[in-house]
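This report covers cores, helix packing and salt bridges. The sequence and structure come first.

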Amino acid sequence: MKILVTGGAGFIASQIADAYISAGHEVIIVDNLSTGRTENLNPAATFYHMDIQDPDLVNLFHNHQIDVVNHHAAQMDVRRSVDDPIYDAKNNVLGFLNILQACIKTGVKRVIFASSGGAIYGEQDFFPADESHKTQPCSPYGITKLVGEKYLFFYALTYGLGYTILRYANVYGPRQNPHGEAGVVAIFCQRLLNGEQPVINGTGEQTRDFVFVGDVVAANLRALQQTGNDIINIGTGREATINDVYRAINRITGANQPEEHGPGKEGEQFRSVIDFHHAQTVLGWTPRMDLQQGLLQTVAFFKSMQKT
Ligand SMILES: NC(=O)c1ccc[n+]([C@@H]2O[C@H](COP(=O)([O-])OP(=O)(O)OC[C@H]3O[C@@H](n4cnc5c(N)ncnc54)[C@H](O)[C@@H]3O)[C@@H](O)[C@H]2O)c1
């Protein structure tokens, strides 16, 4: 298949591009390198340094005769979306619409869309949330992800464009960007390995469902076989507090830094955990990586980065 991977220089999608290439697919990557890194680009992929809002994007679709779009390019920082919702919407809504228009003009068959279980369900009514949980995003980022899902529904209904929406929990693992405000595991790893003091936002008793990037990649491989249109949670069904994660990384790195807490952040819910049984039924997918093992691998990655 010819697959366009947007955001393929980033944390998650670069590893999806690697897996697609290993499975024998032809991969084209579009990324504006706003947070992505050229080091993450698979040399076997055709890379375009381009913004998804670029009106010329449709020519690229024509030239490559894309079969499937795997859409991961996004402004994905919840706090930035609160500070600058217009920037967030330009990237996540207008950028995605530009892609969808290119899809219908050039005969693309399917779109795999990286959505967010964490951000879309908001403060949950039940735990873990399955796909039937009501959507009540409490950040502009969550709103734009939900809008993306609604547009997919419209394009499927009107033009027959197929879709698989993957609602991820909190993804962590090698290649995550430790420099922004998002990605707590990467931030803790980097700071603790550098002997710096990380700040835990709020009490640290807020919970998240941490899913390893390798498991997310496996779900994206399986999603290529889908034929119907579906919304699928990709998480572990288990909660860990931010304090739990801090303590585990503190121990694995041997940093032994005391815990320092700062104010809680706007736009972030207190408890977040999602149910993966639908993924098990329709994709044959279950999360394989246990959190402790995943953190060990992630710390090992950040250690190896320090040496290069
Ligand atoms: N990391 C998580 O926990 C998580 C959870 C739920 C959903 N997601 C979604 O998964 C996707 C990938 O997230 P990630 O964690 O790998 O983040 P990331 O920032 O590493 O990857 C995003 C990539 O998209 C690129 N990009 C951003 N805006 C672009 C634009 N306008 N045009 C072209 N390229 C652009 C960036 O340069 C980067 O390479 C995002 O859509 C995000 O919303 C991530």
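## Cores, packing and salt bridges

The largest nonpolar core has 40 residues, and Tyr168 and Ile234 have the most contacts inside it. A nonpolar core here is a set of buried Ala, Val, Leu, Ile, Met, Phe, Trp, Tyr and Cys residues joined through side-chain atoms within 4.5 Å. Buried means under 20% relative accessible area, exposed over 50%, and partly exposed in between (1.4 Å probe, protein chains only). Helix α1 (residues 11-22) gives this core its largest share, eight residues. Helices (H or I, at least four residues) and strands (E, at least two) are DSSP runs, numbered from the N terminus.

This is a predicted model, in which local features need pLDDT of at least 70 and side-chain atom pairs count only at pLDDT 80 or more, while totals for chains, interfaces and linings use all residues. Residues are numbered from 1 along each chain as its sequence is written, and side-chain values use heavy atoms, with hydrogens and water left out.

Which residues does Tyr168 touch, leaving aside its neighbours within four places in sequence? Its contacts (heavy atoms within 4.5 Å) include Ile12, Ile16, His72, Ala114, Val216, Ile234 and Ile274. Another core lies apart from the largest one. In soluble globular proteins, nonpolar side chains tend to be buried together.

His71 sits in strand β4 (residues 68-71). His71 counts as buried, at 3% relative accessibility. Beyond neighbours within four places in sequence, His71 is in contact with Thr6, Ile52, Phe96, Ile99, Ile112, Phe113 and Ala114. His71 and Phe113 are 42 residues apart in sequence, yet their C-alpha atoms are 5.0 Å apart in space.

Next, helix packing. The axes of helix α7 (residues 184-193) and α9 come within 10 Å and cross at roughly 35°. Axes are lines fitted to C-alpha atoms, for helices over the stretch in contact, and angles run from 0 to 180 degrees between N-to-C directions. The α7 and α9 crossing is right-handed: the near helix is turned clockwise from the far one by less than a right angle. On the α7 side, the contact includes Val184, Phe188 and Leu192. On the α9 side, it includes Ile242, Tyr246 and Ile249. The contact residues divide into 10 nonpolar, two polar and no charged. Ala, Val, Leu, Ile, Met, Phe, Trp, Tyr, Cys and Pro count as nonpolar, Asp, Glu, Lys and Arg as charged, and the others, Gly among them, as polar.

How many salt bridges does the structure hold? There are seven. A salt bridge is a side-chain nitrogen of Lys or Arg within 4 Å of a carboxyl oxygen of Asp or Glu. The table gives some of them.

| Pair | N to O distance |
|---|---|
| Arg167 and Glu149 | 2.6 Å |
| Arg271 and Glu239 | 2.8 Å |
| Arg247 and Glu259 | 2.7 Å |

Arg167 lies in strand β6 (residues 162-168) and Glu149 in helix α6 (residues 140-159), so the pair ties together parts that are 18 residues apart in sequence. Arg167 is buried at 4% relative accessibility, and Glu149 is buried at 5%.

Arg271 and Glu239 both lie in loops, 32 residues apart. Arg271 is partly exposed at 31%, and Glu239 is partly exposed at 32%.

Arg247 belongs to helix α9 (residues 242-253), and Glu259 to the loop between α9 and β13. Arg247 is partly exposed at 42% relative accessibility. Glu259 is partly exposed at 34%.
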